[in-house]
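Student: Could we go through how some of the helices pack here? Please begin with the terms.

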Amino acid sequence: MFDTMKVASEIREARIRKNMTQMDLANEIGVSYQAVSNWERGGSMPDIGKLEDLCRILDLSLDQLLGVKKQVESVQKVMDYASGKEEGQKLSLEHLADTAPLMEPVMLDRLSENIRDEEVKLPYLLNLAPFLEEGRIVRLAERIPDDELDASNLCGLAPFIRKENLYRLVSKVQTLEICTLTGLAPFLDKSQVSELALRIPDEEIDMSNLCGLAPFMEKEALKSLASKVGTLEICTLTGLAPFLDKSQVSELALRISDEEIDPSNLCGLAPFMEKEALVFLASKVRTLDVCTLAGLAPFMGKEAMERLMAGRTFD
């Protein structure tokens, strides 16, 4: 990105050296004096189509005005291309990404049509996306080979394209991880997230990451993924429980090994379980104190509580 404050300082100092007012400079270039004022405060940058005249009037080179060699090269490349000096040549997406803040949308869209296929890279498209309309973003993204599509980079592209277009791109990603899908999930429908999640290999499914994905998934798909987890812990299942039916929570809870059942954590899971399954799990707990029983009581009937307390002693 351009150092707007550096550019602002160069324009202001050069204008003063030329003994020109902001209005004088504005009239010479053909813009409003408010535009010049914004440039000199760093609030905006001159349009790329004005840079040649600006440098000529202020006796500045592009190097002096912009300062960064890479950006100067990109600006010069785009200026030459736009003026027809590089007829038959094609721009790179990197050149456009470097100069996008200086271009009007119509010019940027026109130039983006002429990007070489081999130059369409997702990282450059991410930098360009805020300046393009959605259709152009999608058309450029679809030119990227499937094996170069990276889900983590698509997370950065997600806010700029609609759900159906994002889903189509993510579906092409060859390796999808649950943590990356969690970053994409807010921009997709539950059905789309669920379908993509079911593609994740079983060995990649981590219960803690699954909790972050849970709010964006359909219940059946979430239960299916949770069922694939090798070792279920009651505290992690409690994080998933609000997004599942009681029958689903109960079925998963009954898979938890006896030694993993902690009385205090069971109280947190109790509101999301069927009564019979909760009683069964509670009966496996060797040591129950009065406090824990009080936490479980609202979710168990009187008869179940009496059975649970039978033969136990409490302090």
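Tutor: Axes are lines fitted to C-alpha atoms, for helices over the stretch in contact, and angles run from 0 to 180 degrees between N-to-C directions. Helices are DSSP runs (H or I, at least four residues), numbered from the N terminus. The model is predicted, so local features need pLDDT of at least 70, side-chain atom pairs count only at pLDDT 80 or more, and totals for chains, interfaces and linings use all residues. Residues are numbered from 1 along each chain as its sequence is written, and side-chain values use heavy atoms, with hydrogens and water left out.

Student: At what angle do α4 and α6 pack?

Tutor: Helix α6 (residues 69–82) packs with α4 at about 105°, and their axes are 10 Å apart. That makes α4 roughly perpendicular to α6 (65 to 115 degrees).

Student: Which residues make that contact?

Tutor: I48, L51 and E52 of α4 and V75, V78 and M79 of α6 make the contact (heavy atoms within 4.5 Å).

Student: And how do α2 and α4 pack?

Tutor: Helix α2 (residues 22–29) and helix α4 (residues 48–58) have axes 10 Å apart, at an angle of about 130°. On the α2 side, L25, E28 and I29 meet K50, L54, I57 and L58 of α4.

Methods:
Helices (H or I, at least four residues) and strands (E, at least two) are DSSP runs, numbered from the N terminus. Angles under 35 degrees count as roughly parallel, over 145 as roughly antiparallel, 65 to 115 as roughly perpendicular and the rest as oblique.
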